[in-house]
Amino acid sequence: MISEANFSFVADLLRRETAMLCETGKEYLVEARLLPLARAAGDADVDRYVDRLRTDAAERARAVDALTINETSWFRDLAPYQAFTEVMLPHLLQTRAHRRHLDIWSAACSSGQEAYSLCMLLDENLPAGWTATIHATDVSPSMLERVQAGRYSQVEMNRGMPATRLVSYFTRVGNEWEVAAKLRSMVTTKQVNLALPFPPSATYDVVFLRNVLIYFDLDTKRDILRRVNARVARDGFLLLGSTETTLDLDDSWVRETAGRVVIHRPRPDGPHGTAAAAAPRAITTPTTLTATGA
Amino acid sequence: MSTSTAELSMTHVHAVVEEVWTTFLGGGDPLYEIAPPTDRDPAEQGSVWDAAITVTGAWQAAIVICLPDGVADAVTRAMLGFAPEDHLAPEDLIDALGELVNVIGGNIKSLMPGPSKLSLPLVARGPISPSTSLVEACRLDLGWGPHSLRVVVSVPADQDRDQQAEEA
Amino acid sequence: MHALIIDDSRTMRTILRRIVTELGYEVTEAGNGQEALDALETGIDVDLCLIDWNMPLMDGYTFVTRVRAEPRWRSMTLMMVTTESEHGQIVRALAAGAHEYVIKPFTPEAIVEKLELLGLAAREVPA
């Protein structure tokens, strides 16, 4: 079992990073959550893994994530999805009228809740004759298999799925719920390690890159944002997690606020422009989006 | 009604129990399947609690969960958020175990074709035997830390015969 | 904000009470649908009902239909919290006028997220 000193190190880390408390008596929980990570990092036991945490920031982020039982919710944080339907989609329906198709990237898609949440919004809001593809990518092949299967446990379904959408888009299969075929057919999957050069892909109209940059060190974060910038349509959108930002990381983005959400858009004067980052500005109507902060 | 779709899968029952268990008790010790006990029979670990519920309608069944004292106590404390030093009254155990079998029973019911209705739970210290017209359709012996517990689903003999005939 | 928790299990009422109290709710408990109607008849001002399905005397489904038939209770939000998890049962409850549906077992986050969907829990604004 984890040593007392190491347990209090982990408890302090958790309190500092998430304000979550991890009290004495939860040693078994810390042990159970960190052991798989210790194995993955090549450490013989959790104590040796905690020694690694003392010097490795990226590993600390992974450990914090594992300790916070970060189960993915449907429509996670709500506001980004509101911004999607109320701000981004109306804009794209105007500017993509010629091709009537949208390409959306769900990067680090995990078990697919984000991808299928977007599918539901598109199913409800895309006009007739329009199509959309959600390109779901993850580093983990087993996660991609889960996305393709589109099956979720009862406990997963409880997490943020509105009951009306549960009954319209899911059917029960044994003890799980299966997402409707018409939504599954909108999603393609591909294994992508964000830290490595991306394979060839479409230019995306919208990129959801939420709650994943925290796993990487500063240089990798910068590099990922730079490479994502090249894959986003010049008038497209990037969404990060609610606590993440491109500020001080990459100046090739313009930040705009929509309600409580910050939307990132490629800087119009080309990637990695020299102008100073624009201050966040409010988006009042979709049409104001065409004038970016120059 | 096709009985092949009405087959009660042991794997699904296990998944249901596991899901209810970890949700109520947090991500601590997992449940693991054990061989039908010889020396670990819950009935032989001192006194036991039985919690039972019945399903009537398109599918009929009795679901009984058998828990030794130690498990019943731990589950009740976890569900009610009681500290180890807090006193547990028998009414606390009866209420918490009743809700446990209600949630497990409801989720098992939803594995089968409906419509069916769930009874109110019945909890007793000591064994609850389903009606003699029922036969055992699924028995799950589970280990939890040093303890063990058992979930038994019994169905009417003719319902079980139909299923076996379909499988044959 | 005031929540009425309707469940015949005291254990379940305790679990739910703990969750909504943390969100700042005042709580009234009822052991079945009839008790809940009686509580409402006393004139308490309830914003949210968390409703079990299977209960003695009056089940949660009947409670929902009774509440929806009363214009004076129209502003109350009704959320089923039940082990009934068939697709058809969820459809029935929504058709009868329930606003949301949580299937037991649930984690505390599931309740909070559903209340956020309903605009009945304030999401913390990230720093």
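1. Between chain B and chain C about 1,800 Å² is buried, 51% of it contributed by carbon and sulfur atoms, where buried area is the accessible area (1.4 Å probe) that two parts lose on being put together, summed over both. In chain B, the residues that lose the most area to chain C are Leu80(B), Asp95(B) and Glu99(B), which together make up 27% of what that side buries.

2. This is a predicted model, in which local features need pLDDT of at least 70 and side-chain atom pairs count only at pLDDT 80 or more, while totals for chains, interfaces and linings use all residues. Residues are numbered from 1 along each chain as its sequence is written, chains are lettered from A in the order in which they are written, and side-chain values use heavy atoms, with hydrogens and water left out.

3. The contact (heavy atoms within 4.5 Å) takes 21 residues from chain B and 21 residues from chain C.

4. Four salt bridges are counted between chain B and chain C, each being a side-chain nitrogen of Lys or Arg within 4 Å of a carboxyl oxygen of Asp or Glu. One of them joins Asp92(B) to Arg10(C), with the closest N and O atoms 2.8 Å apart.

5. Gly145(B) counts as partly exposed because its relative accessibility is 27%, the class lying between buried (under 20% relative accessible area) and exposed (over 50%), with a 1.4 Å probe and protein chains only. Although Gly145(B) and Leu31(B) are 114 residues apart in sequence, their C-alpha atoms are 7.9 Å apart in space.
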